[in-house]
Amino acid sequence: MIDAPVAVKLAGIWKRFPGVIANSDINLDVRRGSVHAIVGENGAGKSTLMKILYGMQKPDEGTIAINGNEVIFHSPSDAIDAGIGMVHQHFMLADNLTVLENIILGSEPTKRGVINQQTALTRLTQLAQQYGLDVPFNSFVSELGVGARQRIEILKVLYRGASILILDEPTAVLVPHEVDELFSALSDLKAEGITILFISHKLDEVLAIADEISVIRAGSTVATVDPRTQKVSADDLAEMMVGSELPTPETRGSTVTDEVIIDVRNLSVLTAAGKPLVDDVSFKIHAGEILGIAGVEGNGQAEIVDALMGIIKSSGVLIYNGGDISKWSTRKRREQGFGFIPEDRMRQGLLLEAPLWENKMLGHQTLKPNSNGFLLTPADAKNDTARIIDEYDVRTPSIDVFASALSGGNQQKLIVGREMSSDPKFLLAAHPTRGVDVGAQSAIWDHLRKARESGLAVLLISADLDELIGLSDTIKVLLRGKFVADANPVTVTPQELGTAMTGVKKSDGIEAAS
Amino acid sequence: MNTKSPSIRIFAFFISAMTLLSISRIFADTNDLTSRGTMAAAFGLAVPIGLAGLGGLWSERAGIVNIGLEGMMILGTFGAGWAGWQWGPWAGVLGAVTFGMLGALLFAIVTVSFGVDQIIAGTAINILGLGLAQFLAKLAFSNAPGGGQSQSPPVKGLLPSVTIDFIADPLNTLQQKGWFVISDLAGMFSGLFYHLSYLTILTVILFVLTGWTLWRTSFGLRLRSAGESPSAAETLGVNVIRYKYIAVIISGSLAGLAGAYLAIVGTNVYRGGQTAGRGYIGLATMIFGNWRPMGTGIGATVFGYIDTLQLRDNANIRGLVLFGALVLIALAFLGLRSGVRATSLAFLIIGSALVGGFLASTNMAPEVAQVAPYVTTLLVLATASQRLRPPATAGMAYRKGESH
């Protein structure tokens with residue numbers, strides 16, 4: 001493998017943006033038919049580098065050579081012509097177009113301008129079979145789940161005859177068995193001589209799939225290792241990435257008290273058509289307890305969270321601190337101590353085009369120090385924002401920059417800081433460390449642990465099973481809107497939990513739901 | 001509603017609507033409700049609305065909300081009046097299309113290249129189109145024989161129209177028999193082949209061509225992708241900006257053509273205020289039609305039909321009110337069956353009230369009667385809107401290279 005010719009050679013790549021150096025002197029050799037992983041913190045410059053390689057941005061300095069020929073890309077189409085394909089972290093798919101239309105867009109097989117559906121379908125069916133990437137070609141993308149969308153993205157790239165595949169954080173949105181499927185597809189691709197660039201910050205996965213690993217720190221390549229010949233562990237990689245050890249989500253000792261903070265009885269959420277999304281779910285969370293909900297996305301987690309926040313209509317009874325609050329508005333729930341870390345910070349957590357201190361007031365705009373009950377008090381809010389920035393290590397030039405200028409991890413730290421500052425009694429945390437690098441991740445875990453010790457009740461939803469197992473005191477498995485199993489976080493393994501999430505029970509650490 | 005194919009469903013809806021219309025005709029005792037004359041006039045009024053709607057469809061499919069259709073249509077009426085007066089009707093059509101396109105080009109530069117908010121830019125185009133047309137009309141027509149400050153001299157000659165006698169006449173005879181449903185269908189189809197302007201034929205062709213181009217060709221797929229997910233399209237090498245320009249310019253030329261129909265076929269002159277908000281109604285029919293040509297065409301016909309009846313005698317309006325009431329009641333029963341209770345009850349109450357009004361009066365106050373059809377349309381739209389599938393990025397500014 002090491003002797004294979006170099007498919008992609010990046011030499012001395014520099015890229016500067018106003019005020020930031022995204023890439024400084026990047027050098028990279030990727031060999032044909034190998035999986036080459038690129039790891040680094042959020043904001044280390046991985047994405048910029050890949051955008052340069054894919055023709056979306058031009059490097060200020062440096063050269064790109066594909067299969068030995070130096071190239072200059074003016075647009076993604078140049079990169080596509082050179083055999084490079086990219087699967088973006090945020091899928092680049094049009095929901096209202098069919099799978100087939102999404103794949104052939106831009107390179108449609110035509111006869112005098114008319115799309116030849118049959119040719120496209122034959123070709124795609126063959127590709128899908130060859131690499132085991134099964135998708136329904138005539139469905140709308142809006143009807144499909146995350147795993148299928150990723151397969152569409154890969155097919156899109158293969159359909160264009162790509163021999164070099166860039167995968168940007170491909171496993172961030174997948175559950176364990178989907179990751180396995182992806183990895184087996186990648187092995188097939190590799191066997192066909194396709195070169196894969198795999199960007200990730202999940203180090204275990206990188207070690208499992210990569211032939212070579214390059215580490216990027218602060219915009220530069222700091223090391224390239226070969227995990228097949230050199231002994232390298234996840235801890236070693238983490239140290240190269242951030243200069244510190246890999247954090248773990250472990251909590252020590254139980255802080256669960258017998259004071260029930262929130263008691264959910266027979267919660268149900270229906271679709272407009274009357275189909276249950278959440279089906280008669282009941283649970284209690286005590287002060288100092290973290291209740292984790294495991295489940296493949298789309299099984300009702302988001303609806304439970306929205307129902308508890310009072311954002312969507314639901315039936316059932318909600319007891320909070322001993323009183324029935326089912327009729328409370330979202331505002332009242334917020335004011336009375338509900339903290340909320342939403343699953344999609346771009347959509348629910350932040351106003352991207354607003355300064356940090358305004359974002360800090362969001363959700364707590366009726367409370368001190370943001371308001372005196374009648375008017376907003378920006379001066380106090382700004383001071384408090386500065387405190388959060390300091391305490392929660394939000395890296396930003398000032399509190400007046402727009403939230404969109406922060407990296408994902410720093411945005412998330414701001415949200416966590418905001419929610420913790422209002423002294424919550426009950427916290428809904430949905431994917432609190434999604435898309436966040438190891439440094440920010442361990443900081444967020446620390447804050448959750450600290451809050452738990454001081455008596456906070458937490459509902460934790462996460463697709464990261466290590467996180468779920470490590471932080472939770474109790475784990476319930478949600479499938480099609482119902483709790484189907486309980487898991488003991490002390491004994492259960494991520495593999496067992498992943499299996500239980502798909503509906504298969506009966507293994508150590510997994511019991512039928514109580 | 002269930003597993004039936006879309007074409008069967010549309011056919012079922014069509015036949016049900018005709019049945020209700022037929023019942024209304026019999027109870028309101030007005031044969032004119034579905035006569036050839038009414039239907040032909042309805043199709044005539046539907047053409048400019050439909051063309052405007054089709055213009056909106058092109059533009060929105062590429063992600064640009066074109067609220068400036070009205071202004072482009074006004075420019076079209078001026079172009080038609082001016083060029084038509086000088087060189088005849090076909091030159092008028094060409095003039096209208098050109099003027100509509102110029103308006104659209106300006107709109108495209110502002111919205112696509114500079115990312116100005118599309119609603120604001122569209123409103124500006126409407127104001128500009130109106131003012132510019134008035135100004136140019138003053139310059140061009142004030143001293144012209146037969147013209148005036150806000151009116152052009154007549155267009156030189158008429159656009160030809162055709163009547164296919166051997167289809168239109170027997171159907172017309174059938175319509176006059178007054179048979180349940182059959183006569184109504186006959187009247188409708190007779191109207192389709194009666195005094196048919198070449199522009200109407202062209203409009204039908206343009207509708208079919210639009211559907212075919214947008215959903216069957218690679219050009220169409222790329223254009224739609226610019227409205228659904230421009231960033232995805234860009235990563236696949238589609239020149240999003242170019243497709244948006246093309247779409248907006250086609251949109252403007254269709255709006256111009258709508259103006260041409262009003263000025264050349266409708267009245268034979270350019271006149272200030274001729275468009276009377278049809279650009280906006282066109283936009284509404286496009287939404288009613290779920291951003292698809294077939295639906296837009298049906299929507300335009302419905303609006304054209306309502307318009308026609310208001311111009312005719314009062315008995316027709318009574319018939320129309322009853323028709324609206326029956327539609328609401330029918331929808332209420334459909335809704336109750338699929339469990340949408342609140343809306344259905346509201347429909348039932350309003351529908352019954354309209355039936356009551358119909359029974360209580362032999363001569364309806366024209367104001368009430370004129371509003372009723374629009375109320376019905378609004379209510380129908382309010383329920384239909386939950387199933388609509390608009391282009392995902394319609395109305396959003398797109399800047400190249402901003403994709404993540």
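**Helix packing and ring pairs**

User: At what angle do helix H9 (residues 218-228) of chain B and H11(B) pack in this predicted model?

Analyst: Helices are DSSP runs of H or I with at least four residues, and strands are runs of E with at least two, numbered from the N terminus. Axes are lines fitted to C-alpha atoms, for helices over the stretch in contact, and angles run from 0 to 180 degrees between N-to-C directions. The axes of H9(B) and H11(B) are 9 Å apart, and the packing angle is about 100°.

User: Which pLDDT do local features need here?

Analyst: Residues are numbered from 1 along each chain as its sequence is written; chains are lettered from A and ligands numbered from 1 in the order in which they are written. Side-chain values use heavy atoms, without hydrogens or water; in this predicted model totals for chains, interfaces and linings use all residues, side-chain atom pairs count only at pLDDT 80 or more, and local features need pLDDT of at least 70.

User: How does H9(B) lie relative to H11(B)?

Analyst: Angles under 35 degrees count as roughly parallel, over 145 as roughly antiparallel, 65 to 115 as roughly perpendicular and the rest as oblique. The angle is about 100°. That makes H9(B) relative to H11(B) roughly perpendicular.

User: How many charged residues does the contact of H9(B) with H11(B) have?

Analyst: Contact means heavy atoms within 4.5 Å. H9(B) brings B:Phe219, B:Arg222, B:Leu223 and B:Ala226, which meet B:Val240, B:Tyr243, B:Lys244, B:Ile246 and B:Ala247 in H11(B). Ala, Val, Leu, Ile, Met, Phe, Trp, Tyr, Cys and Pro count as nonpolar, Asp, Glu, Lys and Arg as charged, and the others, Gly among them, as polar. The contact has seven nonpolar residues, no polar ones, and for charged the count is two.

User: How many polar residues are in the contact of H13(B) with H14(B)?

Analyst: Helices H13 (residues 293-311) and H14 (residues 314-337) of chain B pack at about 145°, with axes 7 Å apart. B:Tyr305, B:Ile306, B:Leu309 and B:Gln310 of H13(B) make the contact with B:Asn316, B:Ile317 and B:Leu320 of H14(B). Five of these residues are nonpolar, none is charged, and the polar count is two.

User: How far is B:Leu33 from B:Tyr305 in space?

Analyst: B:Leu33 sits in the loop between helix H1 (6-28) and helix H2 (36-61) of chain B. B:Leu33 and B:Tyr305 are 272 residues apart in sequence, yet C-alpha to C-alpha they are 9.6 Å apart.

User: Which kind of ring pair do B:Phe78 and B:Tyr270 form?

Analyst: Rings of Phe, Tyr and Trp (its six-membered ring) pair if their centres lie within 6.5 Å; planes under 30 degrees apart count as stacked, over 60 as edge-to-face and the rest as tilted. The count comes to twelve aromatic pairs over all chains. The centres of B:Phe78 and B:Tyr270 are 5.9 Å apart and the planes stand at 80°, so the pair is edge-to-face.

User: Are B:Phe78 and B:Tyr270 buried or exposed?

Analyst: B:Phe78 lies in helix H3 (residues 69-87) of chain B, and B:Tyr270 in the loop between helix H11 (240-266) and helix H12 (278-288) of chain B, so the pair ties together parts 192 residues apart in sequence. Both residues are buried.

Terms used: Buried means under 20% relative accessible area, exposed over 50%, partly exposed in between (1.4 Å probe, protein chains only).
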